[in-house]
Amino acid sequence: MSTLPSIETYSREAISLLSKLIETPSLSTEEEKTASLIGDFLGEKEILFNQKGNNIWACNKYFDSSKPTILLNSHHDTVKPNSGYTKDPFRAIVEDGKLYGLGSNDAGGSLVSLIMTFIHFYEYDKVPFNLILAATAEEENSGINGVGSILEDIKPIDFGIVGEPTEMKMGAAEKGLMVLDCYAKGTSGHAARDTGENAIYKALEDIQWINDYSFEKESEYLGPIKMTTTMINAGYQHNVIPDVCHFVVDVRTTDAYSNQEVHQLLRENLNSEVKARSFRLNSSYLPDHMLISKVADELGIEKFGSPTCSDQAVMNFPTFKMGPGKSERSHTVDEFIYLDEIKRGIEGYIYLLNALFEKSSEA
């Protein structure tokens with residue numbers, strides 16, 4: 001194996017690549033140009049890669065199917081810039097140690113740090129794990145053509161590191177999301193008469209139950225499941241008692257229950273008809289007994305539960321969220337990441353994986 005570049009060299013390359021990504025618009029479903037940019041970058045490093053849609057992935061040079069495999073994943077799509085920007089969102093601007101630009105923090109810093117980490121280990125031939133790098137699309141809109149569309153192509157995966165801005169803390173669990181459409185049924189009648197059965201009143205009974213209900217089990221990292229009624233609609237005329245009331249419930253699930261279990265519980269306890277729009281955005285959890293979790297504890301890496309969704313939601317294997325940057329900066333005006341955060345991100349990923357490889361070799 002040839003002499004490896006320094007962290008400073010990796011950092012300079014990462015910042016250069018991120019600057020190019022910022023200046024290449026990549027709104028969700030429109031990531032063709034950034035996919036090409038990432039593919040070209042890997043090609044320049046003589047790394048073979050695969051592409052499906054706007055998803056790019058590559059395996060380490062000495063991939064061995066008899067070894068367990070780690071997924072290094074982050075996304076290269078962005079949200080639309082909001083109208084409050086004072087800087088050009090599609091221009092990489094360096095000021096006061098910060099790199100400004102749309103997607104710099106969410107999740108460009110994590111993506112380029114993981115790419116450099118993958119390059120660092122690419123030619124290692126005596127490690128107990130394989131690595132797969134995946135730079136994927138449609139994370140911001142939870143689209144079906146993102147990482148979920150390539151999981152069959154890259155399985156089996158033993159665990160995944162999902163690059164998102166966490167200040168390099170370990171997001172050991174993440175809340176899932178399920179949106180429910182609920183329909184309370186009544187009977188139409190004239191509002192001036194004592195006839196009919198008001199669907200709004202029936203809906204209010206169910207909404208009150210949702211507000212008051214406490215689940216028996218609670219997640220260690222995420223706490224209780226949170227259910228919130230966010231929309232309600234009924235009636236079409238002031239003097240007609242509505243026979244249907246539609247209300248929407250936002251459910252933030254945890255590893256204590258699957259989305260399907262929560263859906264079934266509500267169906268059993270509400271009088272309204274309950275329909276889930278999707279079950280695909282599940283909660284995620286990294287079991288404490290896994291070696292990577294124990295290594296993180298030994299290294300003193302802080303663990304937390306994340307309330308926000310990421311591509312972890314569609315991965316059916318253990319994952320954790322970790323990356324440079326700060327979650328609170330995501331989707332904000334004049335988004336930025338500190339340059340030294342990128343350097344620390346590369347260092348942190350390499351340090352964690354080296355410790356894992358050493359610990360695994362000792363076992």
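The model is a predicted one. Thr254 is placed in the loop that runs between β13 (244-252) and α6 (259-269).

Is Thr254 buried or exposed? Its relative accessible area is 1%, and since buried means under 20%, Thr254 counts as buried. When neighbours within four places in sequence are set aside, the contacts of Thr254 are Lys175, Ser219, Leu222, Gly223, Pro224, Ile225 and Ser283.

## Aromatic pairs

A pair of aromatic rings is described by how far apart the centres are and by the angle of the planes. With ring centres required to lie within 6.5 Å, the model has 12 aromatic pairs. One of these is formed by Phe159 and Phe320, which are stacked, with 6.2 Å centre to centre and 25° between the planes. This pair links distant parts of the chain: Phe159 belongs to strand β7 (residues 159-162) and Phe320 to strand β17 (residues 319-321), and the two are 161 residues apart. Phe159 and Phe320 are both buried.

Phe336 and Tyr338 make an edge-to-face pair, at 5.4 Å centre to centre and with 90° between the planes. How do their burial classes read? Phe336 has 15% relative accessibility and therefore counts as buried, whereas Tyr338, at 31%, counts as partly exposed. The cut-off that separates buried from partly exposed is 20% relative accessible area.

Ring pairs also join residues into a cluster, whose members are Phe121, Tyr124, Phe129, Phe159, Phe320 and Phe357. The stacked pair of Phe159 and Phe320 thus belongs to this cluster.

## Charges over rings

Which ring does the charged end of Lys87 sit over? It is the ring of Tyr100, with the charged end of Lys87 at 4.6 Å from the ring centre.

Lys98 lies over the face of Phe336, 4.5 Å from the centre of the ring. Phe336 is also the buried member of the edge-to-face pair with Tyr338.

## The largest pocket

The largest pocket holds about 620 Å³ of space. Its lining is made up of 35 residues, and those nearest the pocket centre are Glu164, Thr308, Cys309, Lys321 and Ser327.

What is the make-up of this lining by class? It has 13 charged, 12 polar and 10 nonpolar residues.

Methods:
Residues numbered from 1 in each chain as written. Predicted model: local features only at pLDDT ≥ 70, side-chain atom pairs only at ≥ 80, totals over all residues. Heavy atoms only, no water. Phe/Tyr/Trp six-rings, centres within 6.5 Å; stacked < 30°, edge-to-face > 60°. Helix = DSSP H or I, 4+ residues; strand = E, 2+ residues; numbered from the N terminus. Buried < 20%, exposed > 50% of the residue type's maximum accessible area, 1.4 Å probe, protein only. Lys NZ or Arg CZ within 6 Å of the ring centre and 35° of its normal. Contact = heavy atoms within 4.5 Å. 1 Å grid on protein atoms, 1.4 Å probe; cavity = no way out; pocket = protein on both sides within 12 Å on 5 of 7 lines; lining within 4 Å. Points joined across faces, edges and corners; volume = space filled by probe spheres on them. Nonpolar A, V, L, I, M, F, W, Y, C, P; charged D, E, K, R; others polar.
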